[in-house]
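Reader: Please take me through the fold shown below in questions and answers. I would like each reply to end on the value or name requested.

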Amino acid sequence: MSEEWVVILVTYDSLEAEMIKDLLESGGMSVVLRSSKVSPYPVNIGKMGEIKVLVRKEDQDVAEEVIRGTVGNGTEE
């Protein structure tokens, strides 16, 4: 049985992507970051700069709620 992964966030900020990954993983979710960046060349233009945050389909609703609370206004827990 293969797992289905869904994109819950696209960002151009690698620090933001890592922070969200850590936050979701601390809640017990599996998270994958996908990027088209080529390591020696820090290109951040268009699709080359995108970092996609993916979670399992069954974790999508909870993960999106966590992100809304975190990215929203910064005062929600």
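Reader: Over how many bridges do β1 and β3 pair?

Author: This is a predicted model, in which local features need pLDDT of at least 70, side-chain atom pairs count only at pLDDT 80 or more, and totals for chains, interfaces and linings use all residues. Residues are numbered from 1 along each chain as its sequence is written, and side-chain values use heavy atoms, with hydrogens and water left out. Strands (E, at least two residues) and helices (H or I, at least four) are DSSP runs numbered from the N terminus, and two strands pair if DSSP finds at least two bridges between them. β1 and β3 pair in the antiparallel sense, and the number of bridges is six.

Reader: Which residue of β3 stands opposite valine 10?

Author: Leucine 9 has valine 53 of β3 opposite to it. For valine 10, the residue standing opposite in β3 is lysine 52.

Reader: How many bridges join β2 to β3, and what is the bridge partner of serine 35?

Author: β2 and β3 run antiparallel and are joined by five bridges. Serine 35 has its bridge partner in β3, namely isoleucine 51.

Reader: In what order do the strands form the open sheet, and which of them stand at the edges?

Author: The open sheet has three strands in the order β1-β3-β2, with antiparallel pairing. Two strands have a single partner strand each, so one side of each is left without a neighbour in the sheet; the strands at these edges are β1 and β2.

Reader: By what angle are neighbouring strands turned against each other, on average?

Author: Axes are lines fitted to C-alpha atoms, for helices over the stretch in contact, and angles run from 0 to 180 degrees between N-to-C directions. For the neighbouring strands of this sheet, with direction ignored, the average turn is 30°.

Reader: Which residues have the most contacts inside the largest nonpolar core?

Author: A nonpolar core is a set of buried Ala, Val, Leu, Ile, Met, Phe, Trp, Tyr and Cys residues joined through side-chain atoms within 4.5 Å. The largest such core has 13 residues, and those with the most contacts inside it are Ile8, Leu24, Val53 and Val55. The elements that each supply at least two residues of this core are β1 (5–11), α1 (14–26), β3 and α2 (60–71).

Reader: Is isoleucine 8 buried or exposed?

Author: Isoleucine 8 is found in strand β1. Leaving out residues up to four places away in sequence, its contacts (heavy atoms within 4.5 Å) are Leu24, Val53, Val55, Gln60, Ala63, Glu64 and Ile67. Buried means under 20% relative accessible area, exposed over 50%, and partly exposed in between, with a 1.4 Å probe and protein chains only. Isoleucine 8 has a relative accessible area of 13%, so it counts as buried.

Reader: What is the C-alpha separation of leucine 23 and valine 66?

Author: Leucine 23 is found in helix α1 and is partly exposed, at 35% relative accessible area. Leaving aside neighbours within four places in sequence, leucine 23 is in contact with Val66 and Thr70. Leucine 23 and valine 66 are 43 residues apart along the chain, yet their C-alpha atoms are separated by 8.5 Å.

Reader: Where is glutamate 50 placed, and why does it count as buried?

Author: Glutamate 50 is in the loop between β2 (31–35) and β3 (51–56). Apart from residues up to four places away in sequence, glutamate 50 touches Val10, Thr11, Tyr12, Arg34, Ser35 and Ser36. Serine 36 is placed in the loop between β2 and β3 and is partly exposed at 44%. Glutamate 50 counts as buried because its relative accessibility is 13%.

Reader: In which element is confidence lowest, and in which is it highest?

Author: pLDDT is the predictor's confidence in each residue, from 0 to 100. The protein averages 84, and 74% of the residues score at least 70. The lowest confidence is in α2, at a mean of 88, and the highest, at 96, is in β3.
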